[in-house]
Amino acid sequence: MSRHTNYIPHGVIPAVLLPFNPDLAIDEGAFRNHLRDVAATDGLSAITVNAHSTEVGSCTFEEQRRLLAIAQDEIGDQLPIINGVWADGSLEAARIARMATEGGASALLVFPPGPFTLGQSAEMALSHFKRIADATDLPLIAFQYPLATGQGYPKETLLRLCDEVPSIRAIKDWIGNVPHHEWHVRTLQSLPRPVNVLSTHSAWLFASLTLGCNGLLSGSGSVIPDLQSALFHALRRNELAEARLLNDRIEPLMRVFYADPFVDMHNRMKEALVLLGRMPRAVVRPPLVKLGTAEIDRIRRALIETGLLGREKRTAA
């Protein structure tokens, strides 16, 4: 199995989508095409599978193993693969971590356990991460949720995690609060053992990246990896005028992707790829449902405004 050793999560990391057949089985051929399409983008540092964007909560353990194997087969020699660890229990999280390590992943994206919505302590969070760290030698990315969800880690807890679990090398930052987000950037990236902040504030990515994030990890990168890569690298070069122009292109699409209900964001991204001719169908697994024609038309208009879809295609549709 391919594995990019000594990889530290950073830079532009799209989280790919997962195509399904009408019978809700995984469309492996379409998934392979999607992986190749995204990975062909210049300026990426890795690709993420088995995350929110691949509807991991609706996939079995064996399906997750298969998706990682497909990703390795298609693009593993080209880019590091980050594998999500989605589990309510720490034992299952460690099992997924071992599977991903054996499958050639280069890093793990650790989702917070669902029971934390009812409350958590620092000891619970530490126990969860330490059990995963004991199961793998891979670098870990802690997924930082908004504190209001109950699954986000308070500042003191996050600092203890970074100090006591040395394999935590990045966070995927979805804190949703600008001053707190800036604290992450200033504090974590300046630790004696730096922890990179990977923004997932895709609805306001330009503003987020200007704070100095060392990367981004985003499901919308499955649709616009080229624009996100160009934006990130323009800001790294301090080319603010170019970055603003890129942000003006991106904004219409983000407005429709991250509308309410938020849970439909990846559903909308699939519809965008269908409109662009990059995915055969926009099937999602329950409890998600197919979008209506009015919303699909809003996505079409946003793609036109972004410059990704010609106006003539709107008439033909």
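What volume does the second largest pocket have? About 300 Å³. This is a predicted model, in which local features need pLDDT of at least 70 and side-chain atom pairs count only at pLDDT 80 or more, while totals for chains, interfaces and linings use all residues. Residues are numbered from 1 along each chain as its sequence is written, and side-chain values use heavy atoms, without hydrogens and water.

A pocket is an open set of points on a 1 Å grid over the protein atoms alone, where a 1.4 Å probe fits, with protein on both sides within 12 Å along at least five of seven lines; lining residues have an atom within 4 Å of a point.

Stay with the second largest pocket. Its lining has 19 residues, and Trp174, Thr200, Tyr258, Phe262 and Met265 lie nearest its centre. Strand E8 (215-218) and helix H10 (265-275) each give two or more residues to this lining. The lining divides into 10 nonpolar, 8 polar and 1 charged.

Now the largest pocket. Its volume is about 350 Å³. It is lined by 16 residues, and His52, Trp86, Val263, His266 and Leu288 are the closest to its centre.

Turn to two helices. H8 (residues 225-236) and H9 (residues 240-257) pack at about 155°, with their axes 8 Å apart. Therefore H8 is roughly antiparallel to H9, a label for angles over 145 degrees. Leu227, Ala230, Leu231, Ala234 and Leu235 in H8 meet residues in H9, including Leu240, Leu246 and Ile250. Contact means heavy atoms within 4.5 Å. The contact residues divide into 9 nonpolar, no polar and 2 charged.

Note on methods. Points joined across faces, edges and corners; volume = space filled by probe spheres on them. Helix = DSSP H or I, 4+ residues; strand = E, 2+ residues; numbered from the N terminus. Nonpolar A, V, L, I, M, F, W, Y, C, P; charged D, E, K, R; others polar. Axes fitted to C-alpha atoms, helices over the stretch in contact; angles between N-to-C directions. Parallel < 35°, antiparallel > 145°, perpendicular 65-115°, else oblique.
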